[in-house]
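Okay, thanks for having me, everyone. Let me put the structure up on the screen, and then I'll walk you through a few spots in it.

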Amino acid sequence: GIAGKNGGSNGPLLCGKQTTFEGGMREPGIAWWPGTIKPGIITPQVGTTMDILVTAVGLAGLQLPSDRIYDGIDLFPVLTGKVESIERPVWYYRGNELFAVRVGQYKAHLWTWSHEHYNFCPGEYVKDVTTLTK
């Protein structure tokens, strides 16, 4: 969708920022490391900011402390093309509220946007989908 003159376009993806639809959550990533990351790799992998720590620690050749659980995964095998993707659930929270969960190509929405008085999907109404209700 188009965010108007103050935003960009997310192309064919539904809605935009502040929503759990693809237009609000799916963004491209670019990785460059000549000799390690092959040019032109395209993957369906969903990454999150939680993956940055785990991936960076692995790249540094270090180990994360084992006294806690980490929600992130090491994306290095995906970045180098050793695997196409690593399947795992991705949880979408806003504060302490679960909004959606994705597993592979499927996503369950509990909430579709974060504000009850503002339409984050202008011009993209989908009956019983883009609603202001939980």
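Let's start with R102, which sits in strand β2, residues 97-103. When I say strand or helix, I'm talking about DSSP runs, numbered from the N terminus: E over at least two residues for strands, H or I over at least four for helices. Before I go on, this is a predicted model, where local features need pLDDT of at least 70, side-chain atom pairs count only at pLDDT 80 or more, and totals for chains, interfaces and linings use all residues. Residues are numbered from 1 along each chain as its sequence is written, and side-chain values use heavy atoms, with hydrogens and water left out.

So, is R102 buried or exposed? R102 counts as buried, because its relative accessibility is 7%; the cut-offs are under 20% relative accessible area for buried, over 50% for exposed, and partly exposed in between, with a 1.4 Å probe and protein chains only. Its side chain makes a polar contact of 2.6 Å with the side chain of E22. By polar contact I mean a pair of N or O atoms within 3.5 Å; within protein, one must be able to donate a hydrogen and the other to accept it, and residues adjacent in sequence count only if both atoms are side-chain atoms. Leaving aside neighbours within four places in sequence, R102 is in contact (heavy atoms within 4.5 Å) with several residues, including R26, R88, Y92 and K107.

Next, over to helix α2, where we find L59. L59 is partly exposed, at 43% relative accessible area. Beyond its neighbours within four places in sequence, L59 touches W33 and F76. Then there's L75, 16 residues from L59 in sequence, with 9.9 Å between their C-alphas.

The partners are W33 and F76, a tilted pair at 6.1 Å centre to centre, with 55 degrees between the planes. W33 is in the loop between α1 and α2 and F76 is in helix α3, so the pair ties together parts 43 residues apart in sequence. W33 is partly exposed at 38% relative accessibility, and F76 is partly exposed too, at 24%.

That's my tour, so let's open it up for discussion.

How values were computed
Phe/Tyr/Trp six-rings, centres within 6.5 Å; stacked < 30°, edge-to-face > 60°.
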